[in-house]
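Here are my notes on the model, point by point. Please read them with the structure open.

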Number of protein chains: 2
Amino acid sequence: MLKNILDNKESYQPGLSIDCVIFGFHDNQLKVLLIKTKYSDKWALPGGFVPVDEDIDEAAVTVLHGRTGLRGIFLRQFSTFGAAKRCSVDVSNTVLEFYGIPLDEGKWYASRFVTVGYYALVDFLQTVPQPEGNNDIVEWIDHNIVPELVLDHKEILDKALETLRMELNLMPVGYNLLPEKFTIPELQKLYETILGRKLDRRNFLRKITAIGILRKLDEKKSNVAHKAPNLYSFDKEKYEEVLKNGLTQGW
Amino acid sequence: MLKNILDNKESYQPGLSIDCVIFGFHDNQLKVLLIKTKYSDKWALPGGFVPVDEDIDEAAVTVLHGRTGLRGIFLRQFSTFGAAKRCSVDVSNTVLEFYGIPLDEGKWYASRFVTVGYYALVDFLQTVPQPEGNNDIVEWIDHNIVPELVLDHKEILDKALETLRMELNLMPVGYNLLPEKFTIPELQKLYETILGRKLDRRNFLRKITAIGILRKLDEKKSNVAHKAPNLYSFDKEKYEEVLKNGLTQGW
DNA sequence: ATTCAATTGCGTTATAGTGACGCAATGTAC
DNA sequence: GTACATTGCGTCACTATAACGCAATTGAAT
């Protein structure tokens, strides 16, 4: 795989990569899709390179699709990381050796890479994590217990979450992270998990319904321990409208 | 100059550039520092390349310092632009011809460049626009009447202003854009100009003083047409504190 | 010198938004 | 039935915000 890229390195933007922080929500946990390659004991963000004739946004879509099988998902650039020391020759050489690629052939790969960070919000249940060439493991990991990551990937992840928190004040969230039918408490948990703090049930209900993006269904959640909460779905049209025009309130 | 870079192209990150949107405030106008090269009839944002052994943030500082003579100024990355078509071979070749550089030697320069956008806030009066090698004109231009720019520089400028508008809700602004002593109406004009709309005088005064970053001086502005407004200066300590912790209110 | 017009600085008021909390209704467990 | 956790709706006090009033100050006009 890397071999393919090196053999066609003229087709790729040199020294530039894409890293995606893919968020999912399940079991009341905010999860991040991470990969672990066989040649390293650390986890990493899913990433890729940029074909010279492709927009970087397109390249990010390709990465997202390659790892989740999903398209048409919320995906947003949030920052670019270009520290001088952000490429470790050791790491690169380990990878090259693993693939049996001579070091001089892999010079392209071993130089300093500037990476553009994107974050995505996807539906956990519709996602099929896809390892690439059976050489690595792709897994959802609770954002609270992410292990040590390669290079500066932890910093990238933190920045993505920080950005998501900020943008929560500017846009609605949930359409891409929750299943079609959900309850208000579930949506609240999502917000609480992203923000990292508790919200008042009653105030949350008031504010979230006031936005006008929810459609109350004539149906209650079944098999629950206590009073059955009502089910809701997003009003796609209103949701898109608010996503475009932005919110005016904050959490 | 470009020749120097091409001769040492191994020392620069290939296919990557920095573009800076440098804002200044003067005569109640928000101005942008633009350059016009002799070989083009369009204006452009000041930009530069990234040495392989330098952080991209450092490279941005270098660009800012090179064009304004300033250091230690508010400078922030806001977005990265990587459309596939964002480099015009025509433009590149024109430049190469101007410098008398053979096209094959300039291949490095003529390929697609991804550019990282930074915006800066500087003190207009302390800025000495510095042309580079007498080959170009550097000038402050009112952001309302910027002429046509090369490539996608207009898009970059617009995005910078949009970001600045957003961040106005999160941080105080003015310390880098105004002289040491200023009046509340001047500060208000700055805010109005950035936001592109009028604010109520009396509400503005109340909110801006409530933040606690202003120090009222025992001095009034002289030589003014009407009632002399009081002079203020920023309380550097409080200002830095708010800059770090962020604002909670919006405009 | 007096008046005028523009501007500043401080205030008031009505309304909307926010945080904190009360309480009845609903459903499970025993 | 009783106990208990959770949901859904409502209340209340407080704060923030927008809209506007008005006296004081100053240079310019008369």
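1. What rotation, and what shift along its axis, superposes chain A on chain B? The model is a predicted one. Within it, a rotation of 180° brings chain A onto chain B. The shift along the axis is 0.0 Å, and the RMSD is 0.0 Å. That is how a two-fold axis relates two copies.

2. Through which surface do the copies meet? Of the interface residues of chain A, 100% are also interface residues in chain B. The copies therefore meet through the same surface.

3. Now the overall build of chain A. Its secondary structure comes to eight helices and ten strands. The C-alpha trace spans about 65 × 35 × 25 Å along its principal axes. Chain A has 251 residues, and 49% of them are buried.

4. Next, contacts along the sequence. Take the contacts in chain A between residues at least 6 apart in sequence. Of these, 75% join residues at least 24 apart.

5. Surface and charge come next. Chain A exposes about 12600 Å². Carbon and sulfur atoms supply 48% of that area. Chain A carries 32 positive and 35 negative charges.

6. In what order do the three strands of the open sheet in chain A run? The order is β8-β10-β9, and the pairing is antiparallel. β8 (182-183) and β9 (214-220) of chain A stand at the edges. Each has a single partner strand, so one side of each is left without a neighbour in the sheet.

7. Look at one pairing in that sheet. How many bridges join β9(A) to strand β10 of chain A? There are four, and the two strands run antiparallel. Strand β10 covers residues 230-234. For a place to start, find A:L214: its bridge partner in β10(A) is A:F234.

8. Chain B also has an open sheet of three strands, in the order β8-β10-β9. Its pairing is antiparallel. The edge strands are β8 (182-183) and β9 (214-220) of chain B, and each pairs on one side only.

9. Which residue of β10(B) is the bridge partner of B:K216? The partner is B:Y232. β9(B) pairs with strand β10 (residues 230-234) of chain B over four bridges, in the antiparallel sense.

Conventions
Residues numbered from 1 in each chain as written. Chains lettered and ligands numbered in written order. Predicted model: local features only at pLDDT ≥ 70, side-chain atom pairs only at ≥ 80, totals over all residues. Heavy atoms only, no water. Pairing = 2+ DSSP bridges. Buried < 20%, exposed > 50% of the residue type's maximum accessible area, 1.4 Å probe, protein only. Contact = heavy atoms within 4.5 Å. Areas by Shrake-Rupley, 256 points an atom, 1.4 Å probe, with all protein chains shown as cover. Lys, Arg positive; Asp, Glu negative; His and termini not counted. Charge placed at Lys NZ, Arg CZ, Asp CG, Glu CD. Least-squares fit on C-alpha atoms with pLDDT ≥ 70 in both.
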